[in-house]
Amino acid sequence: MSKALSATLCAIHPDRPAAARCPSCRQFYCAECITEHEGKLTCASCLSRKAESGKSGKAGVAAGLAPIFQIVVAVVVCWLTFYFFAQLLSDMPDEFHDGTIWE
């Protein structure tokens, strides 16, 4: 069973009562040690880890090119589907198109 927030102390300042719990590291922090970032309360160490992991340039470029690559693949797949369907229709004999094959 977890302790009530009022009964916990800050992980950095043990003489201060905790104001919130960091959702990443699950430790309690006082109001001075915790900050709001993107709508969530986060401790400084988790925020700096998140900032460091977001600085990799390759991940940002790859993430930006992914939607473009997906669109190109979708267009190619659609084009090939219609191309081969048209080839199938054009390979059918003329009698089939005229309706004389059914007589």
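A disulfide is a pair of cysteine sulfur atoms within 2.5 Å. A search of the whole structure finds zero disulfides. This is a predicted model, in which local features need pLDDT of at least 70 and side-chain atom pairs count only at pLDDT 80 or more, while totals for chains, interfaces and linings use all residues. Residues are numbered from 1 along each chain as its sequence is written, and side-chain values use heavy atoms, with hydrogens and water left out.

**Cysteines**
- C10 is in no disulfide, and the nearest cysteine sulfur, that of C30, lies 3.7 Å away.
- C30 is likewise in no disulfide; the cysteine sulfur nearest to C30 is that of C33, at 3.5 Å.
- C10 is buried at 4% relative accessibility, where buried means under 20% relative accessible area, exposed over 50% and partly exposed in between (1.4 Å probe, protein chains only).
- C30 is also buried, with a relative accessible area of 2%.

**Strand β4**
- T42 is placed in strand β4 (residues 40–43); strands (E, at least two residues) and helices (H or I, at least four) are DSSP runs, numbered from the N terminus.
- T42 counts as buried at 10% relative accessibility.
- Neighbours within four places in sequence aside, T42 is in contact (heavy atoms within 4.5 Å) with C22, I34, T35 and L47.

**Positive phi in loops**
- R26, a residue other than glycine, has a positive phi near 65 degrees.
- R26 is found in the loop between β1 (20–21) and β2 (28–29), and is partly exposed at 48% relative accessibility.
- E38, not a glycine, has a positive phi of about 55 degrees.
- E38 is found in the loop between β3 (34–37) and β4, and is exposed at 62% relative accessibility.
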